[in-house]
Amino acid sequence: MKIKSLLLLSLCVVAGHAQIKFEGKVLDTLQLPLEKASVVAINNGTNALDAFAMTNDKGVFSLKLKEKAEYKIQVSYFGLQSVNETLKTTSENLEKNYTLREEIALDEVVVKIPVIVRGDTLIYDADSFKNGSERKLKDILDNLPGVEINDDGQIEVEGKVVNKLMVNGKDFFEGDTKLGTNNIPSSTVDKIQVLKNYGEVGQLSRVRNNQDNVAINIKLKEGKENFWFGDVTAGGGNSTSDSRYVFQPKLFYYSPKYTVNFIGDLNNIGELALTRRDIRGFTGGFRTPSSQSGTNIGLGNNNLNFLTNQNNALQIENKLATVNVSYSPNKKLDLGGFLIFNSNKTNSKEISFIQYIRQSFQTPNEITNETTLERSNQALVKWNASFKPNMDIQMDYDFYYQTAKDSQNQSIVSSVVGGTTQNNEISPFSINQNFNYYYTLNEKNIFALEAQHLLKDEDPFYNAVLVNTSDNDDAFDNTAISLGLNTSLPSYSLGQNRRIKSNQLDAKLDYYYIINGKSNLNITLGTIISRQDFNSNIFQFLIDGQTFDPVPNFNDGRSTNDVQYNFSDVYLGVHYRFRTGIFTFTPGFSVHAYGNKNFQHNTTTQNNFIRLLPDFETRIQIKKGETLTLNYRMQNQFTDVTRLASGLVLNSYNSIQYGAPDLQNALSHNASLLYSSFNLFNYTNVFARMAYSSNIDQIRNTTNFENIIRTSTFFNSSFADENFNIFGRIQRTFGKIRVSLNTSFNFSKINQFVQGEQSLNKAFTQSFTPGLRTNFRVAPNVSLQYAYRVVQNNLGGRDTEFIIKSPSIDFDAYFMKKFTFITKYSYTVQDTDTTSQSFQNWDAQLLYRKQKDAKWEFEFKVSNILNIDSQVSTSANTISVINSETFIQPRFITLRAVYNL
């Protein structure tokens, strides 16, 4: 009822002023229509921007203006002289055409144009989209047509994830956009430049396909250069269990020659500038040269699988320090880099009910109660240099170092196994180096050399302790006997050391021959050379502190691994790109000579073969801002060393695996259809993607259960796995109201092999998320959203279904020119075949600053107002359906002071 009332209030505010239509055309001197010309109306009485529009392909514009008002009208188009005039409205609709002349007057701009289109660049005027309640860059981005912040905190433009964020043309912590959106003060932002079809190498912009590359450049307001700016937040508070604190300095310095960005975070309230997942996924802007070659080889990821985040933790303590610098001693050389250090401690608690899907598993249902302590210390260092002595040469070098010291301690009480503790530790590091050289011989011939070297060392340690009662009737006893453990001890204390070393070179040389202005030929010679070494051993801790090396009575007694795995790929690729009319075709293929060999247990397994991998892309430019792209690619997927290792590996106390040395590659067919439309005339943004993949000889595992203990190995399945998905988004702006609809459909077929039986698992997931948000300058603003998701599974002949419904509302109001009130509420219901569960989230904050440019600001915030102690979720995988209750932080109140530099 409250949501309906707020919606009606918003609509009443819109309808509260009588309006007329002001329409017409914008033409050039030949009386031809000008598409994407800007028409702006400034109310002379209030000096506010009342309306703006962009012309369509016929040069037509349409504005809604207030009756009996006086406006300053500006009509402008890049490269032509603007028209400025005063317009008085009556109660009648108006119609007028404008002609723009070929005469550039740089000093004539009298009003800010909300959106300017210059080729593939959209330029948004930040002030035109502010309403007074914004504090950070993300608050402005949320108001821009065609721009969204997705659930992972990434920026999306017309459905494409932005992969680079710059400030005044300088990279901002290259590799992640969240740091910028969450920390750059909104008050410093002048323009937001969206760079579509972005290419970092200007020489290659006309020969490479950059249509999926989007970058954003933030232009700072005048006066922010050569001065420190930013803010420092400090505060404290209390919860029902302990005291709370927060300290977050965010300082920035920009000058033509060098920049410095510092972001710090010290808090125990769970508001993280970067999560552990963000940091682990930080790429430093690196892209593998072979990403489009058709070969996909994974080196594996043996880091701890932290499952806890700020939304499902009981307690979080975080320390973060980041520094990003750049230096340009001259126009030819750019130097830069960043340093990130993060220390995190997280406590969590979760109760789960696990239902195994088939009786043939001979596995009882299980209830688990888990408490977890996770510690993580992570450090990242990047340094880069770019040298451009002239327009024909560019050289880039990047160095990236990442290390961590992570641990995870779990206490688990299982209705089947009893009490168990698990301990995981790892101290990995990786060094990644990248060298690029681009050379333009002449207007017809371009060369590009790209090489990347990766060195990675991982050392995970695992320990599990399980109770062993004297009646020899424990669920783990049979597994212990099979593993060859000493069963006479009061507990089973298992240990495992693993060491995985990876060394990989990925390089390619591209030659581009420009046939004419509409076509070019690309020849690629590339290679991937990889080596991985994997060592592991399982042991048992005895009472006296000594260790015992068990010999299992299966898997030929192999409990250790000492594997060397070598992989090589030498390939030649040919692609021809040509444009005719609205079509751009890029057919091509690559020929690969593969070699892979692994040596273990005195046996060598080797496989060499040649394969042709075709690919094809067609792009249809229906009109400006509207495209349709069809893509097909055949790929070869190769596994990492851990799936080849034939000795036993403990994933956990209830999951044991051993590999297969003779595993072969999997082959996949991938097709996609992408539609994108961005209409600035009526501010309608439509994005749709349809994709299909079929995997042949997919690497699958075959699993056997003993109670809830599963043992798995790998093989190449002769059954094809398939996946089909559709994602769509439509967004339309009506004056100050923006409506949107996100929808997705995913259907997958996966073959499963359990207890020697093959079964086909089918999963169908569909989601619908309609939303509505307002962007008034004075009136309160509201964002309404309703997320509806249905998950249907047929798991080995058993049907399951669960439905998730989650309405939410965000409300913010800027009032008395001093106060900002923000509140967020969501209500989530999860229905399964037998149960219905729900939980709520509600936060609120009140901010005060004496005036817009005040140095001090004060904030009162309440988190988890309803003091909800847990959240519920339902999920399904190929072997079970899991209902979980996750405990979260209690209600807490904080008072904060913010000093703005």
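The model is predicted, so local features need pLDDT of at least 70 and side-chain atom pairs count only at pLDDT 80 or more, while totals for chains, interfaces and linings use all residues. Residues are numbered from 1 along each chain as its sequence is written, and side-chain values use heavy atoms, with hydrogens and water left out.

Start with the strands. Strands (E, at least two residues) and helices (H or I, at least four) are DSSP runs, numbered from the N terminus. Strands of a sheet pair through backbone hydrogen bonds, either parallel or antiparallel. Here two strands pair if DSSP finds at least two bridges between them. Six strands make an open sheet with mixed pairing. Their order is E9-E10-E16-E17-E14-E15. Which strands stand at the edges? They are E9 (115-118) and E15 (170-171). Each has a single partner strand, so one side of each is left without a neighbour in the sheet. E9 pairs with E10 (residues 121-125) in the antiparallel sense, over four bridges.

Now move to strand E25 (residues 393-414). E25 runs antiparallel to E24 (residues 366-390), and 21 bridges join the two. They form a hairpin with two residues between them. Ser 386 stands opposite Asp 396 in E25. E25 also pairs with E26 (residues 418-426), antiparallel, over nine bridges. This link is a hairpin too, through three residues. Val 413 has Gly 419 in E26 as its bridge partner. A further antiparallel pairing, of 11 bridges, joins E25 to E27 (residues 429-442). There Met 395 stands opposite Tyr 437 in E27.

Next come the cores. A nonpolar core is a set of buried Ala, Val, Leu, Ile, Met, Phe, Trp, Tyr and Cys residues joined through side-chain atoms within 4.5 Å. Buried means under 20% relative accessible area, exposed over 50%, and partly exposed in between (1.4 Å probe, protein chains only). The largest core has 45 residues. Those with the most contacts inside it are Tyr 124, Phe 172, Ile 192, Ile 216, Ile 218 and Ile 340. Strand E17 (residues 214-220) gives the largest share of this core, four residues. Take Ile 192 as an example. A contact means heavy atoms within 4.5 Å. Leaving out residues up to four places away in sequence, Ile 192 touches several residues, including Leu 122, Tyr 124, Leu 137, Ile 216 and Ile 218. Another core, of 25 residues, lies apart from the largest one. Among its members are Phe 476, Leu 648, Ile 709 and Ile 882.

Rings of Phe, Tyr and Trp (its six-membered ring) pair if their centres lie within 6.5 Å; planes under 30 degrees apart count as stacked, over 60 as edge-to-face and the rest as tilted. The whole structure holds 37 aromatic pairs. How are the rings of Phe 567 and Tyr 594 arranged? Their centres are 6.2 Å apart and their planes stand at 40 degrees, so the pair is tilted. Phe 567 lies in strand E33 (residues 560-580) and Tyr 594 in strand E34 (residues 583-600), so the pair ties together parts that are 27 residues apart in sequence. Phe 567 is buried, at 2% relative accessibility. Tyr 594 is buried as well, at 3%. Elsewhere, ring pairs link Phe 172, Phe 173, Phe 229, Phe 252, Tyr 254, Phe 338 and Tyr 400 into a cluster.

Some rings carry a charge over the face (NZ of Lys or CZ of Arg within 6 Å of the ring centre and within 35 degrees of the ring normal). Arg 244 lies over Phe 892, 4.6 Å from the ring centre. The charged end of Lys 349 sits over Phe 887, 5.0 Å from the centre of its ring.

Two residues close the tour. Thr 894 is in strand E53 (residues 892-900). Is Thr 894 buried or exposed? Thr 894 is buried, with a relative accessible area of 1%. Its contacts beyond four places in sequence include Gly 236, Arg 244 and Phe 860. Ser 328 lies in strand E22 (residues 315-330). Ser 328 is buried at 8%. Its side chain makes a polar contact (N or O atoms within 3.5 Å; within protein, one able to donate a hydrogen and the other to accept it, and residues adjacent in sequence counting only if both atoms are side-chain atoms). The partner is the side chain of Asp 334, at 2.5 Å.
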